[in-house]
Amino acid sequence: MKVTAIGHAGLKVQTEDATLLMDPWLSPEGNFQASWFQFPDNSHLLSDQDLYKPTAIIISHEHLDHCDPWFLSRVDPEVPVIVPKYPSPVLKQKILQGGKRRIIEVNEWETYAITSNTKVFFVSEPPMNHDSAIVIQADGHTLLNMNDARLFPMQLRDIKQKVGGDIHMFAFQGAGASWFPMVYDFDDEQKEKLRKQKRAAKLSYCVKSMRIVEPIVGLPFAGPPCFLDPNLFPYNEEMKEGIFPDQEQVAGFLAKKKITNIEVLLPGDTWDSAEEQKTQDSQWENFSFDSRWDYLKEYQERRMDQIQKVYDRYPVPEASLWEPFKAYMEELLTLSTYFNERIDMRVGFEITGNGGGDWHVDFREKQGVGKGVEDCGYIYTFESRWLPPVLAKEVPWEDFFLSLRFNARRNPDRYNDHLLGLLKFADEEALEEVTKFETTPVSDERITIHSDGKTYSVSRYCPHAGNDFLNSGEVLPGGIFRCLAHHYDFDLETGECITSSCDKLKVERIDNIDVDNQVTR
């Protein structure tokens, strides 16, 4: 099996009887309305004819840096796309924007034979996050492609067991895919602290995953993106110490943790699993991550025409957007009583420029859409040109948020994942799937937590969404217990959730045994 990087999270996998593309993103317009671009530039690969008629394309989830309609429109329409089965139709809709073609949906953990020799299965995150790892088995070798998925340790161990114990190649994400904390109105000191914390958490997960998976080789990929629009260019600073470390920085961090079986593949570089050898694309002979700023400025010059085309495509509206905004949000309020109850606040939208205004959506008992942003728990601020495609359901809210073309503030400063979930899915079936998952009764069984020399008895299941802490629990320094499913942190002394709003964790101090931080039955 040979694996060639084709940029960002994209991989070309060649086996004895198949050529597969996974999460190909090659659009010269970048994505998220020309906010994200591939780093480094992968456009030299567009001349590779193997990309246009593979055996199959496999797409992990609907984010446009993984599902690229522009590229799909140029691929032979007879080539099928294989995807995980999700309750939301969004992924399938985005694939079909690139033209009609066969879409094969595969249930989680179910093995699908692409050919007699080449097989695939998916392992998914909880239903609030439509993302899945991809596992390819062929030629006696196994590739575990994590893309953006953040699997629990138990899931990683189960994958190893299912494939017979050996993972030959482990492709994992070292950079984030988020807008937090960059767009929030924190002061510089707080923002810097949060950026570093988020980066450290991501790199820590890379270390933990590598130690669990124990691959022959680890391949950091799936970011970082770069930002070439002059209005967004400063966000490239996130590569330095923020949430978007580059592949070389990830490899360097792992080396400090004595994990050295890492290869950095740039677009066109290939890893031969049988030979355990890397072949470098000549494109990168003179490339250095240390010279990123000069590289980015030259790259920006090559893409300014594409960026301008996006601005031209979304002009500032001439008429007021109030009535379409009101109609859209009134429909949103009807989709899920469960989500509305868990949002339980007024959310404000400050739409600047012609056609805009200050408006709110109230998810509390007396629901409604109105003018003004007083008494809002969350407030989003952005230009009016970006609102019409969202209201037309052309651009999903999460895609817009990932564009970083907005600012946000919240009071109190607590994350509400049900607000993001409602905006992200805006689909009754997908919302109902999350509701079922989060409201399924769980037992009162308890587990033991060892933290900072103290021992606690806590509920086995997270009070937020019912995730099993034996799979998703992580003890952090300072007496904090984290549910990795949604990054909810609980204070082990009080049981209070300190990162969002949910019921208290049932916790009882039972001993003072001096042991390392861990989770046990």
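Biologist: What should be kept in mind about the model before its values are read?

Modeller: It is a predicted model, in which local features need pLDDT of at least 70 and side-chain atom pairs count only at pLDDT 80 or more, while totals for chains, interfaces and linings use all residues. Residues are numbered from 1 along each chain as its sequence is written, and side-chain values use heavy atoms, with hydrogens and water left out.

Biologist: What makes the protein as compact as a globular protein of that length?

Modeller: With 14 helices and 26 strands, which are DSSP runs numbered from the N terminus (H or I, at least four residues, for helices; E, at least two, for strands), the protein has a radius of gyration of 23 Å, close to the 24 Å from the globule rule for 521 residues, and therefore counts as that compact. The radius is taken over C-alpha atoms, and the rule is 2.2 Å times the number of residues to the power 0.38.

Biologist: Why is Gln 33 called buried?

Modeller: Buried means under 20% relative accessible area, exposed over 50%, and partly exposed in between, with a 1.4 Å probe and protein chains only; Gln 33 has 10% relative accessibility, so it counts as buried. Ala 34, at 1% relative accessibility, counts as buried as well. Gln 33 has a positive phi near 55 degrees although it is a residue other than glycine, and Ala 34, also not a glycine, has a positive phi of about 60 degrees.

Biologist: Why are strands E17 and E19 said to stand at the edges of their sheet?

Modeller: Two strands pair if DSSP finds at least two bridges between them, and the open sheet has the order E17-E16-E15-E18-E19 with mixed pairing. Strand E17 (368-371) and strand E19 (407-410) each have a single partner strand, so one side of each is left without a neighbour in the sheet.

Biologist: Which residues make the contact between helices H12 and H13?

Modeller: Contact means heavy atoms within 4.5 Å; His 418, Gly 421, Leu 422 and Phe 425 in H12 meet Ala 430, Leu 431, Val 434 and Glu 438 in H13.
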